[in-house]
Amino acid sequence: MKSTASPRAWQRMLSGRRLDLLDPSPLDVEISDIAHGLARVSRWNGQTFGDHAFSVAQHSVVVEEIFRRCNDASPVELQMALLHDAPEYVIGDMISPFKSVVGGGYKTVEKRLESAIHLRFGLPAHPSKELKDRIKKADRIAAYFEATELAGFAAAEAQKFFGQPRGIARDMLLIEPLPAVEAQRLFLARFAAIEDQRLAANTGRS
């Protein structure tokens, strides 16, 4: 007899939380799970030079660094920049060519996760279009340097796909791939530092 039970649509996290992928609750989101997962998801499908994969956690820190250097940003905007790829702790880092094949289902799940993550940390459910565009610009600058330094792209090829970075130089960024535990620590440290800035701003401290 065929089972009529619904397929499991939740994932157990190391914190003990069960995150429903179809209807994620902010109450089931923990920064420790996000940092752990992102530090073990590789950018570029792992096709990068070095002894370690270049993780989404490290990429997120680099993007936030670029965003901070390029914008007079509030702590809330910085935190949204750091968390711009946070849903990937659950769904992985799908390269752009494959996203176009999968279609809208991936984006639907991604946006639900983004909303749950942002609400968990007291952020707007989604960034405004203007903020999203500024974060995307920082993301593309990071991708340019990752492509040329780690993924085997020639400068002209990377420029074609990601544009020419302006105002940001390679030596400003931590591009050398870190071990997962170090990338996880770095992500958590930056998250905590921004949270301190948010608290200071909310309480009127300098």
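This is a predicted model: local features need pLDDT of at least 70, side-chain atom pairs count only at pLDDT 80 or more; totals for chains, interfaces and linings use all residues.
Residues are numbered from 1 along each chain as its sequence is written. Local features need pLDDT of at least 70, side-chain atom pairs count only at pLDDT 80 or more, totals for chains, interfaces and linings use all residues, and side-chain values use heavy atoms, with hydrogens and water left out.

I begin with α1 itself, residues 31-38; helices here are DSSP runs (H or I, at least four residues), numbered from the N terminus. Six of the eight residues of α1 are buried, that is, under 20% relative accessible area with a 1.4 Å probe, protein chains only. Those residues are Ile 31, Asp 33, Ile 34, Ala 35, Gly 37 and Leu 38.

Next, the partner helix. The axes of α1 and α9 (residues 180-203) come within 8 Å and cross at roughly 140 degrees; axes are lines fitted to C-alpha atoms over the stretch in contact, with angles from 0 to 180 degrees between N-to-C directions. From α1, Ile 31, Ile 34, Ala 35, His 36 and Leu 38 meet Gln 184, Phe 187, Leu 188 and Phe 191 of α9, contact meaning heavy atoms within 4.5 Å.

Finally, the core. Ile 34 and Phe 187 are among the residues touching the most other members of the largest nonpolar core, which has 52 residues; such a core is a set of buried Ala, Val, Leu, Ile, Met, Phe, Trp, Tyr and Cys residues joined through side-chain atoms within 4.5 Å. The greatest contribution to this core, nine residues, comes from α7. Tyr 89, also among those residues touching the most other members, is in contact with Asp 33, Ile 34, Gly 37 and Leu 38, among others.

Conventions. Helices (H or I, at least four residues) and strands (E, at least two) are DSSP runs, numbered from the N terminus. Buried means under 20% relative accessible area, exposed over 50%, partly exposed in between (1.4 Å probe, protein chains only). Lists of a residue's contacts leave out its neighbours within four places in sequence.
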